[in-house]
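Please examine the sequence and the structure before reading each solution.

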Amino acid sequence: MSEINEASVKRMEKTINALKDEFNTIRTGRASASLFDKVRVDYYGEKTPLSQVANIAIPEARMVVITPWDKTLIGEIEKAIQRSELGLNPSNDGKVIRIAIPPLTADRRKELVKQAKTIAENSRVAIRNIRRDGNEELKKQQKDGSITEDELKTTEDSLQKTTDKFIAEINKIFEDKEKEIMEG
């Protein structure tokens, strides 16, 4: 495998990981600690990830319990969750914050699937852009005389197969997420 192919594969893998991370933040009907990955809490003037200032537990399918390590943060954590785009209503008893995850409405499910579809399409575009960059680099190398026309063709074919493999992986990840959202 050429250096271009290896570099392209690494970039494509990063795209897949970014897609998975993004999908983790899309709310389904079930409780999940990853829902709070993007929630930032004002911790002594610093915007700090929620997971770094509290323990996030899922005692049952539709319940999240957040236990702050510093009890004085309970109000800040509550505000941060309300400000997030999760549409959740936290309640606290002075020690922990409880969040009941409401079931999703049919309209909200469709909206979330549409959001997931857009994210997946952006990932497919990113993969195709990586392929294009690789092909341009290969053509440049062939012009410089560092690779032959046969090597160019072989590597372009290999890059296309790699692209197809990653696009199929994106499609599978999206289908799984869509199923998860719809069954919630």
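**Exercises with solutions**

Y44 is placed in the loop between strand 1 (40-43) and strand 2 (46-49), strands being DSSP runs of E with at least two residues and helices runs of H or I with at least four, numbered from the N terminus. The model is predicted: local features need pLDDT of at least 70, side-chain atom pairs count only at pLDDT 80 or more, and totals for chains, interfaces and linings use all residues. Residues are numbered from 1 along each chain as its sequence is written, and side-chain values use heavy atoms, leaving out hydrogens and water.

**Exercise 1.** Classify the ring pair of Y43 and Y44.

*Solution.* Step 1: a search of the whole structure finds 1 aromatic pair. Step 2: the ring centres of Y43 and Y44 are 4.8 Å apart and the planes stand at 65°. Step 3: Phe, Tyr and Trp (six-membered ring) pair with centres within 6.5 Å, and planes under 30 degrees apart are stacked, over 60 edge-to-face, the rest tilted; the pair is therefore edge-to-face.

**Exercise 2.** State whether Y44 is buried or exposed.

*Solution.* Step 1: buried means under 20% relative accessible area, exposed over 50%, and partly exposed in between (1.4 Å probe, protein chains only). Step 2: Y44 has 67%, so Y44 is exposed. Step 3: Y43, at 30%, counts as partly exposed.
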